[in-house]
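Have the model open as you read.

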Amino acid sequence: LHLLMRGKPRMIEFPALMFLKKRLDIQKRRNRLKHWILLAMRILACILIGLALARPSVKLADWFPSLTMSAAKKTEDGKWSFVGSIASSLGSQEAPIAVAVVVDTSIRMDYMQENQTRLDVARDFSRWILEQVPAESDIAVLSCEREAAVFQVDVRAAKEKINRLQIAPMGRTVADATQDALTLLAESEHQQREVYILTDLTEPGWPGDSGGTIQNLIAGMKPETGVFGKTSDKELGVFIVDVGAEKPVNSAITRFQISPETATAQTPVRIDLELSHIGPALEKTVEVVLTSGANERIRTSKNLSFPEGESKRSLTFPLAAFEPGTHQGKLRFSVPDALTVDDEVWFTVQVQTPWKLLILAPPPVRESSQYLLEALKTAELFDFETAALSSLSGMTKRELEAFRGIVLLDPDPMAAPVWKKLADYVSSGHGVAIFLGARAKDLASFNDPTAMEVLGAKLIQQAREPDGELWFIPEGESSPIFSTFRQYRRLETFPWDALPVFRYWQLSELSPRAEVAASFIDGRPAVITQPIGRGSAVTVTTPVSELPDVRNPWNLWSRTEAPYMFLLFSEGIVKHIIGIGDQRFNYIAGQQAVLRPNIETIPATCLMGTPSGKSIRLTPDTVLRRIVAPIVSEPGNSRIRSGGAQESLDTGFSVNIPGGATNLQRIGTDRLNAVLGEKNYKLVRTPQEIELGIARRRVGQELFPMIMLLLTALFAAEYVFSNRFYGFRAETTGR
C-alpha cells in the first residue's frame, strides 16, 4: 500500500531547467526522508501488533532494585552482561522454581469455624498452591513437627504429606519452621524461590525474639546492588497466607495447679485454675470429673461468667481427702466450644499412708526438735518419731529400716561403726539429713572416711558472720530440695536474705558424688546432696535445733521474718531424702515422666496405658527404684500397672498442654514486620491475591496495556503525518 500510494513523476518541459534543477534535487531528498520516516512508523506499527498478540511481560523490579531482587546474568569472564540482564528479566510461567510450603500445625489450628478446622483450610489452600507450581520444580512441605527440612520427591509426594498433616501439640513454632524453610531454599539452584506460610497469625506462633535469624536469612538472599552492579541471580518471594478466624471466640483453662500431688488420706487436695476468655459475654460451668477407666463421675462443679472482650478468671476447688491409691480425673467446661483441646485439663493425685520419719535431736529432745516438727507438720505427709541422738548407736538395722528417713539435728561425734550403720541404711534405699551445729567438736570423728561417706565432705572450721550479712542461694533451678519453692514461682524471686546465717561449718574435699544444692553468698557450700547406693544424703552446714533463748544463735531460720521460707526449706529436704523431692504426677506435654513407686519390690516389667488407648511395655530401673516413661505429647491420663489380678504396682501420671498454647489473640503487621522485616513479605487471604503475586513475581508486569497505548499513539501519528505528506504532494501536483 505504501508503494502504490507513492506519487508518480511527470515530465514537464520548461526552458529554464538550469534554475529548477537544484530545487528538484532538494525536493527529492526531502521526499525520500519523509518516505523513510513513514515506512519506519508503519513497520513499527506491525511490530507492536505482533508484540501485543504475544502478550510479553517483564520483571520491572530488575531495573528498579528497590522493588525486589535483581536477576542480572554473568558472562563467562565473570562480568555482568547487560543483554543477559534483559533476557533474565523476561518472565516465564513455566520455568521451574523452588517452593517451600510451611503449614502451621500448632494446637490452635484445631479451631473450628464453618465446620472446618483451620488446619483443614490450610490443607485445601496448600493443595491449590501446589497446583500452581510449574513442572520439574523443587517442593518442600514443612510443619510444626520437629523434622528435617528436605525437598519432596515430586508433587504427588508433597500432596500426600499435606494430606497426612496432623496437629502437633508440642511442636515448634511456625516461625521456627519458616526459618528451616528459608535455610532450605537458600541451597536451591533455581532462580525463582517462593515460600508460602499458612498460619492463623496467633501470638504464640510468632514470638518477637525470632525475627533476627529470619531477617538475616532473607537478607542473605537479597542482592547488594542493581542490575548494573554485582548481585545475585536468585529471587525470593515470601507469602503469609492468613487462614485464621478474624474474630475468634474461645474459653480456655490456661493454668492448672494441684497441691499437693502426693498426699495422705487425711490431706485435702486443692486445685487452682486460671481461665481465659475472648469473645462475647457468656456463662460457663466448670466440672471436676473423676475417671476410672472408661467410667466418669462428676465430683463437683462451679459456675462463672465472662464479660465481653478478653478477660481472665480464677477458680479454686478444695477436694476432701481421697482413699489411698492413685486417683485420676479432669476438669472441664460442661459445654465445649470451637477449640475443644483447652476445654479440659487432666490431673493425677497419689494418696498413701504417711511416711515414717525418725528425728534424732540433742537434749532436751522435745525443745530442740520443736521448730522442725512444727514446720513438717504443715505438709501432713509424715508420721514423726523423735529420739535422742545417743539412741542411734543402740538401734538395729531392722529398727532403722522401719523409717523412711532419718534426720540428725546437731549430732555429736560418733564412732565409725555408727557412721557405717547410717551409710548402709541410706544405701538400702532410705535417706538421711544431717544439720551440723555447735556439738560437732571432735573433727577427727566427722572427718573419718566412714563419716565422710555420709557427709560427703570434710569439715574444716567454723566460719562467722556476726552482722548476719550472709545467707544462702540455690545453685540453679534443678535441685530436688527446692521443688517445694518451684511450685509457687522461680527460685530467684524468693527473699533468701530472710534466712540470715551468723555461723556455719566450712567444707572441703567434696566427694565426687556430692553436689552443692545451695551456696552462701561468699561462694562456700551451704547445702550438699549425694546419692549413696539407692538412697540420698543431705548435709546442711548450720543447725535448726537451737533453743529460743540461745545467746549467740548460728542463724535465725526458725525465727525468720518470712516463716514460710523455713517451712518450704524443711519440707524440701525431708521430701528429698525419702525420695519424693522431685516426684511429680502432672507434666506438661513434651516432658519425661519419672515415677518412684512407694512399694517394697519394683517389678521387672509393667504396662503403660496411654491416653489414646495404646499399651507400652516398660522396664523399671530396680536399682534406682524408678520408672521412666516415654515422652508423651498427647494430653490425658496415663496408667502404669503390673502384677495381673494381684497388682503390685498401680500408679500413673497426667499430661497437659502448656498454658497459653491456645492463645488465639491475633498479631498485627507490627509483629510480622518485627519477625520477617518490613516489605519482605506479602500478606494474602485469597487465591486471587496469590495468583496476582505469583504473576508479578514469576512472569512480571504484562506490557500489553503499554503496547496498545503506544500502538494507538503510533497510528495517530502515522495518520497525521501521512495526511500532511500526501496532502502536500497532491497540492503540489495539482499546481
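In this predicted model, five strands line up as an open, parallel sheet in the order β7-β4-β8-β9-β35. Strands here are DSSP runs of E with at least two residues, helices are runs of H or I with at least four, and both are numbered from the N terminus; two strands pair if DSSP finds at least two bridges between them. β7 and β35 sit at the edges with a single partner strand each, so one side of each has no neighbour in the sheet. From one strand to the next, the twist averages 20°.

β8 and β9 pair in the parallel sense over eight bridges, with Ile-197 opposite Ile-240 in β9.

Now for α4 (residues 155-164). Buried means under 20% relative accessible area, exposed over 50%, and partly exposed in between (1.4 Å probe, protein chains only).

| Residues of α4 | State |
|---|---|
| Ala-158, Lys-161, Ile-162 | buried |
| Arg-156, Arg-164 | exposed |

Residues are numbered from 1 along each chain as its sequence is written. Local features need pLDDT of at least 70, side-chain atom pairs count only at pLDDT 80 or more, totals for chains, interfaces and linings use all residues, and side-chain values use heavy atoms, leaving out hydrogens and water.

Key
Axes fitted to C-alpha atoms, helices over the stretch in contact; angles between N-to-C directions.
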